[in-house]
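Visitor: Could you pick one part of this model and take me through it closely? I would also like to know how that part sits within the whole.

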Amino acid sequence: MRGWLNYYGIADMKKNIESLNGWLYRRIRMCIWKQWKLPRIRMRKLIGLGVDSHYAATIAYDRKGYWFNAGNKAVNWALSKERLINWGFYDLAAAYQSLHVNY
């Protein structure tokens with residue numbers, strides 16, 4: 001992503017970067033949700049990230065797909081963009097802003 005951004009960084013593509021950044025963070029949430037294979041592990045991790053235990057159990061035992069659950073409000077709150085950046089994930093919009101003067 002960094003190389004792609006450095007190559008195309010001079011172009012004016014603010015909306016494209018924002019939509020791509022949103023998609024990437026949802027994809028990262030989906031991969032993390034998929035790594036937490038068992039519902040009891042999902043519940044434990046959500047509670048550890050600060051979600052209420054009753055709500056965490058409802059989400060953890062949900063049988064909908066990974067992509068659907070990655071868009072859930074509680075999962076978005078637990079695995080927020082700021083938290084993922086602190087964990088070391090790359091923020092494409094911030095990098096584009098530093099490269100592009102008229103952002």
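**A close look around tyrosine 96**

Guide: Between the backbone nitrogen of methionine 13 and a polar atom of the tyrosine 96 side chain, the distance is 3.0 Å. That is a polar contact, meaning a pair of N or O atoms within 3.5 Å; within protein, one must be able to donate a hydrogen and the other to accept it, and residues adjacent in sequence count only if both atoms are side-chain atoms. Please keep in mind that this is a predicted model, where local features need pLDDT of at least 70, side-chain atom pairs count only at pLDDT 80 or more, and totals for chains, interfaces and linings use all residues. Residues are numbered from 1 along each chain as its sequence is written, and side-chain values use heavy atoms, with hydrogens and water left out.

Tyrosine 96 belongs to helix α8; helices here are DSSP runs (H or I, at least four residues), numbered from the N terminus. Tyrosine 96 counts as buried because its relative accessibility is 0%, where buried means under 20% relative accessible area, exposed over 50%, and partly exposed in between (1.4 Å probe, protein chains only). Proline 39 makes a contrast in distance: 57 residues separate it from tyrosine 96 in sequence, and their C-alpha atoms are 37 Å apart.

Next comes aspartate 91, in the loop between α7 (81-86) and α8 (92-99). With a relative accessible area of 15%, aspartate 91 is buried too. Its side chain makes a polar contact of 2.9 Å with the side chain of asparagine 21. Leaving aside residues up to four places away in sequence, aspartate 91 touches Asn21, Tyr25, Lys81 and Ile85, contact being heavy atoms within 4.5 Å.

Two of those names lead us to α2: Asn21 and Tyr25 are among its buried residues, along with Ile17, Ile28, Arg29, Met30, Ile32 and Trp33. An α-helix has 3.6 residues a turn, so residues three or four places apart point the same way. Helix α2 covers residues 14-35, 22 residues in total, and spans 32 Å from its first C-alpha to its last, close to the 32 Å expected at 1.5 Å a residue; the expected span is 1.5 Å times one less than the number of residues.

Stepping back, the protein has 8 helices and 0 strands. Of its 103 residues, 34% are buried. Its C-alpha atoms fill a box of roughly 45 × 25 × 20 Å along the principal axes. Among contacts with a separation of 6 or more, 64% join residues 24 or more positions apart.

Conventions: Helices (H or I, at least four residues) and strands (E, at least two) are DSSP runs, numbered from the N terminus.
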